[in-house]
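Me: I'm new to this and would like to learn how to read a structure. Could you take me through one, feature by feature?

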Amino acid sequence: MTEDETWNPQIDPDICTGCGECVIACPTDALELVDDVAAVREPDACNYCGVCEEVCPEGAISLPYQLVLVVDG
Ligand code: SF4
Ligand code: SF4
């Protein structure tokens, strides 16, 4: 299994407003704000729960691996 890198949320810095909602909502503290843009601080901590994608009011976060899981299912 070498997919670890692809399991991280993808955050579009051009869309992110730096509101911090995802940082607050993340249950594993995997996210942080860097220069008012959300970033994955602890990739290993992310459990791919999808909360950050749900709470982001701008739709700036996507979890691309979810699509693969759906197709596989
Ligand atoms: S998917 Fe879950 S654990 Fe991973 S960064 Fe988003 S809220 Fe945090
Ligand atoms: S919730 Fe969305 S807009 Fe707000 S900081 Fe996170 S990625 Fe950026």
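Me: Let's start with Leu63: where does it lie?

Reply: Helices (H or I, at least four residues) and strands (E, at least two) are DSSP runs, numbered from the N terminus. Here, Leu63 lies in the loop between β4 (61-62) and α3 (64-72). A word on the source: this is a predicted model, where local features need pLDDT of at least 70 and side-chain atom pairs count only at pLDDT 80 or more, while totals for chains, interfaces and linings use all residues. Residues are numbered from 1 along each chain as its sequence is written, and chains are lettered from A and ligands numbered from 1 in the order in which they are written.

Me: Why is Leu63 called partly exposed?

Reply: You count neighbours: with C-beta atoms placed from the backbone, a residue is buried if 20 or more other C-beta atoms lie within 10 Å of its own, exposed if 12 or fewer, and partly exposed in between. Leu63 has 19 other C-beta atoms within 10 Å, so it is partly exposed.

Me: And which residues does Leu63 touch?

Reply: Two residues are in contact if their C-beta atoms, placed from the backbone, lie within 7 Å. Leaving out residues up to four places away in sequence, Leu63 touches Pro9, Tyr48, Gly50 and Glu53. As for Cys49, it is 14 residues from Leu63 along the chain, and their C-alpha atoms are separated by 9.4 Å.

Me: What order do the elements of the chain run in?

Reply: Read from the N terminus, they go β-α-β-β-α-β-α. That makes 3 helices and 4 strands.

Me: Which residues come nearest to ligand 1?

Reply: A residue is near a molecule if its C-beta atom, placed from the backbone, lies within 6 Å of it. There are 14 residues around ligand 1, with Cys26, Cys46, Cys49, Val51 and Cys52 nearest. Ligand 2 is surrounded by 14 residues, and the closest are Cys16, Cys19, Cys22, Ala38 and Cys56.
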